[in-house]
Structures are given as structure tokens and as C-alpha cells.
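Hi there,

Here is the structure I promised to pass on. Have a look at it first, and then read my notes below.

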Amino acid sequence: MFAYIVRRVLATIPVMAVVALFVFALLHLSPGDPAAIIAGDTATADDIARIRQKLGLDQPLYIQFVTWVWALLHGDLGISIFTNLPVSKLIAQRVEPTLTLTISTLIVSVLAAIPMGVLAAWKAGSWIDRMVMVFAVLGFSVPVFVLAYVLIYVFAISTDLLPVQGFVTIGGGLGPFLSHIVMPTLALGMVFAALIARMTRASMLDVLAQDYIRTAQAKGLANDKVLVGHALKNAAIPIVTIIGIGVALLISGVVVTETVFAIPGLGRLTVDAILRRDYPIIQGIILIFSAAYVLINLIVDLSYTFFDPRIRY
Amino acid sequence: MTVAPTDLAALAAPRERRRGVRTYIRRHPTIVIGAILLGLMALMAVFAPYLGTVDPQALSPIQRLRWPSAQHWFGTDMLGRDVYSRTIYGARISLTVGISVALLSTALGLAIGLVTGFSRWVDAVVMRIMDGLMSIPSVLIAIALMALTRASMQNVVIAITVAEVPRVTRLVRGVVLTLRELPFVEAALASGTGFFRTLWRHILPNTFPPLLVQASFTAAAAMIVEAILSFLGAGTPPNIPSWGNIMAEGRSLFQVAYYIVLFPGAFLSITVLAMNLLGDGLRDALDPRLARRM
């Protein structure tokens, strides 16, 4: 068990190393002079020289890399070109809305999708099953921003039930917080929920065909006990795996959702950074999001031992 | 009068073939629906100039922000451009990007996957790189690459391809690793078939069914990523009417002119849906073992 945990934790190091290398290499493998590209079309030679010096691009490549990694390991993500503020500070300022939205989406999606998948598998072939599958296919096909605009049209423009956009922290009162977070959560959660519902159904179908399920039913155990206690727990590993993998969809989606709903989170920071070609910010955001993704999948890997105690390699 | 058995067979053949089509549709409705929708979109893209469209870039400041009407079916945007024409022409961008990315990433992933599946040393190195790349959400990889290059359709295709290659590589590698241990490959090698010939004749054809399924999902994902990139201002150049660009332009006007966003959004969703249905159907048809499950 302990060896398994240690091995899983160590396995994240090469992955993060590749991420860091990619982020570093991006700036240098790109065609043309990165300083000139960052400076934009209207830059003067002075601007370009200033940016080159600020990013350390006038140094030899290996020194740049070592300096960069060393700073990174100390939590220094560099300085934003446009605002001149540390990237780590800019990111820290924007974390809360993104984290709030992501967590609420994660909770709502999982709570909605798993019962859907379980029901669909239990009533396989019925109209419930069909509805769940239709939801799964649609959820996968309607892009997050299209769904977001449909929701705004229905709930904010036609009916005036919810505010069009904006964000209120939990500290700003529960009512305003909830009314602002409902639509972003639904828009962002659709594709994630579709993914989980589908995997839950598939995994449950496999488990429900097993002998011990028939035994449990034969001895007269109530349906809900069979489904949750016997079937779902044994079907859990593919489900938690897909939840972990699906977080990538959440991260991609959150950038778009924040743009549509004018939420001042990391997604907005990314979009502003793209428009200003503020490359240190983009690098920092990729590192942070990827680290979060790797961490969540590490937790998923570790949770396997809880669902299936036989796993301890 | 006697009829030769061959004649009977000849008479029966057409009817049987017709029933074959009908059975096929009944067995794989998703492939048929997906293919029809996709075919319609492709026709629309190809024949865009003949579908009652005007120049998608033609400005008409006097007629800006007109609601959908007989003259402008989907209304006009803030520069007076015809949203219907722009949406129809937008199909060209989405389909081109989707199909190009699917072809490119499949070809690249296949090449890398075949090599890694057979060479332990290359496998160890390449798969660590792929694992690392797969832990960066694909939209972010594409954003990072686009932020560094000038906006063009070619660069959008390259950026999305880079983000999608690891997934294809992983798939091919998995298939190769499984096939390598199967008796028919062993038999081919044992009977003196050369390594490259075995790869070409026995391994490669078996990677096609899963690759075909993956390619349709890749195309669907690529179309969404292209739209997201354009929507965020990091994709196709703004002067090209892609669905993402039209929606980006309508963003600030959504409360007064939501039709600018909703029409291209609907077309995008239908196209992605068609691709996903096709992929689902192909998977069911090509892999009966999985068919029941998903």
C-alpha cells in the first residue's frame, strides 16, 4: 500500500517535468524571434530589445532553462510583460472564482450523472436508458459556450429569472452567489456530466451481469442495496478514472465559461493574456492548470486502493 | 418449365441487397443519421455560393443589426453583414479544420504509435513525453501555440493537431502491444515474414477500425477547439467567417441581437453531433464487444 502510494507520487515527477519542458520550449521553438512576436506588429526595435532583456532571451539557452526552473521551484512564475506584476500574484488574485466554479460544477455533475448512469444501467433498454443516452450524446456535442448562450437566452433574456453575467463570492451572500453560479455551473457541467453518466452506465452494465449480483438479488436484498452497495462500489474504478480524466474538459471549459459570463477568474486572465501576448502569464497558467490536473489524477489513482483493496502494486 | 438455380439467385439478388441496406440502417441508425447530417453540411459548405448567399464579407452599415427577415434569413450583424451567408460559409472552415486535424493527427499518431509499440527504448521515452502532453488540457496547448504564431487557418490546424496526437499515439500503441502477442503475428514472424512486412500486412490493417472511430471523435473535438480558439480571439483570423468568429463578434451584442450567436452555435452543435453519432455508430459496428456497453 505504502509502496503503491510512493510509486504513484514519484510517477508525477516526469510528467510535470515534460509539462515544464513543453512550456519552456514553446517560447523557443516557435518560428521567429519570440521577443518580436510578443511585442506585436507595432513594436519598435527598442520595445523588442526591452522585452528580450526582460525575459532573459539574450542569455544562452541552457542558462535560461536553469534560471527558469530554479525560479519555478521557488514559486516564481516570472513577471507579466503588460502589467509588470509577478505572475504568481496575478494568478493568486484570480484563483477564487475559478476554483468556486470548478468545484460547484464537479459536485453538481457527479451528483447528477452517477444516479443517471446507475438508473440507465438498471433499466437498460427502457425509455430511461434511452433518455440518458440521448443526454450523453447531446452533452458531448453542444459546445460549452453555445449551451451557455442558450441558457442566458432562456433564463436571463426571455424570462429574467437569473442575472445575465457576473460573479459574486460566497462571502457576498448565499442568494446572489447561487443566482450567479447556476448558469455557469450548468453550462460547464453538461459535457462533464455526459461523460460520467455514460461511463457509469457502461461500468454498471458490466457489474450487473456478474454472478454475485444475482446472488444478492436471489437472497432477497433490496434493489437499492444491491445497486449501491454491491454494484456501484465494484463499478467505481472506471467511474472515478473518467472523473479524473474529465477534469481536463472542465479546465478547457472554464476558460470559455468565464468569458461568456464575465467571471473574473483564471480563464479571463488567460484570454486577456492571449490578446496582449503576455506570454509569462500563459506559461504560468498552463503550469498551474496542468499541475492541478496531475494532482487530481494522482488522488484518483490513490482512491483505487479504497474501492478495490486488492490494488497495492 | 424449369428454371436454373443460378437464374433464381440472380433474380433474388437485388431484393436481398435492398433489404441489406434497410437492415443496415436499422442496425446502425447512428451511422446513417450522422453520415446524412454530415453529408448535408459538406454539401452546404461546397455549394455555399449557390444557396441564396451574398458575399459573407460585404459590409452594409445602413442595414446593421437587422433582425431575421425574408431578406436576411438570420439577420445582419453590427457591420451589416448577412449572418445567414456568414454561417453557411462558416461550414467550410469548421469542416476543413475538423477533417484536416483528424487526418494529420491520425497519420502522425499512427507513425509514432507503430514505432513505440515495437521498440521498448523509444517507447519509454516517447510515452513519457506523450503522458506529459496529455496532462495539459488540449485547449490550453492550442492556446499556447496560437499565442506564439500569427493567426491563420494553417496554424490553427497545426496547433490542434499537436494537442490531439498524444491520444492517437496512445491508441495505436495499445493496439500494437495487444496484436504483437497474438498467434497470427507470431505465426507470421515464425514462418519467416520480415519485420516490416509483418508490420505492413498484419499489424497496420488491424489498427484501422479503432483509428477510424478515433478519427471521427478527433474531428468533432477539433471543430469545438477551433470554435473555442476563434471565440477567445486566438484562432482563425477575424476576417474569415468561422462559426467561432461570428459568435465572438456577437458576444458583446448578445442581449440585443442574440440571433448572431445562436445561429452559428446551432450549426456548430449539429455538425459536432453528426461527427459524434458517426463515431459512436462506427464503434458499435466495428467492435461488437463494446457495442453493448457504451
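Is α11(A) largely enclosed by the rest of the structure or largely exposed, and why? It is largely enclosed, because 21 of the 26 residues of α11(A) are buried. A residue is called buried if 20 or more other C-beta atoms lie within 10 Å of its own, exposed if 12 or fewer do, and partly exposed in between, with the C-beta atoms placed from the backbone. Helices here are DSSP runs of H or I with at least four residues, strands are runs of E with at least two, and both are numbered from the N terminus.

Before going further, some ground rules. This is a predicted model, in which local features need pLDDT of at least 70 and side-chain atom pairs count only at pLDDT 80 or more, while totals for chains, interfaces and linings use all residues. Residues are numbered from 1 along each chain as its sequence is written, and chains are lettered from A and ligands numbered from 1 in the order in which they are written.

pLDDT is the predictor's confidence in each residue, from 0 to 100. Chain A has a mean of 87, with 97% of its residues at 70 or more. Chain B averages 83, and 91% of its residues score at least 70. In that chain, confidence is highest in helix α3 (residues 83–118), at a mean of 91, and lowest in helix α11 (residues 288–291), at 52. Residues 1–13 of chain B have a pLDDT below 50, and this stretch has one contact in the model beyond near neighbours in sequence. Where pLDDT is low, the predicted coordinates should not be read in detail. For the complex, the predictor gives an ipTM of 0.87 and a pTM of 0.87.

**Chain A**

Chain A has 13 helices and zero strands. Its C-alpha trace spans about 80 × 55 × 35 Å along the principal axes, and 40% of its 313 residues count as buried. Two residues are in contact if their C-beta atoms, placed from the backbone, lie within 7 Å. Of the contacts in chain A between residues at least 6 apart in sequence, 71% join residues at least 24 apart.

Back to α11(A), which covers residues 236–261: this helix bends by about 30° at A:G253. The bend at a residue is the angle between axes fitted to the seven residues ending there and the seven starting there. Just after the helix, A:A262 takes a positive phi of about 50°.

Helix α5(A) bends too, by about 45° at A:V95, and a proline, A:P97, follows within four residues. The 36 residues of α5(A) should span 52 Å at 1.5 Å a residue, and the end C-alpha atoms are 50 Å apart, which agrees. The expected span is 1.5 Å times one less than the number of residues.

Look at two loop residues as well. A:N84, in the loop between α4 (61–73) and α5 of chain A, has a positive phi of about 65° although it is not a glycine. A:N84 counts as exposed because it has 8 C-beta neighbours inside 10 Å. A:D160, in the loop between α7 (144–158) and α8 (174–208) of chain A, also has a positive phi of about 65° without being a glycine.

**Where the chains meet**

The contact takes 43 residues from chain A and 39 residues from chain B. On the chain B side, α10(B) gives the largest share, 10 residues. That side divides into 26 nonpolar, nine polar and four charged residues. Here Ala, Val, Leu, Ile, Met, Phe, Trp, Tyr, Cys and Pro count as nonpolar, Asp, Glu, Lys and Arg as charged, and the others, Gly among them, as polar.

B:S135 sits in the loop between α4 and α5 of chain B. B:S135 is buried, because 22 other C-beta atoms lie within 10 Å. Leaving aside neighbours within four places in sequence, its contacts include A:V15, A:Y293 and A:V294.

Next comes α5(B), where 11 of 11 residues are buried. Among them is B:A142, which touches B:A159, B:V225 and B:L229, among others.

Happy exploring!
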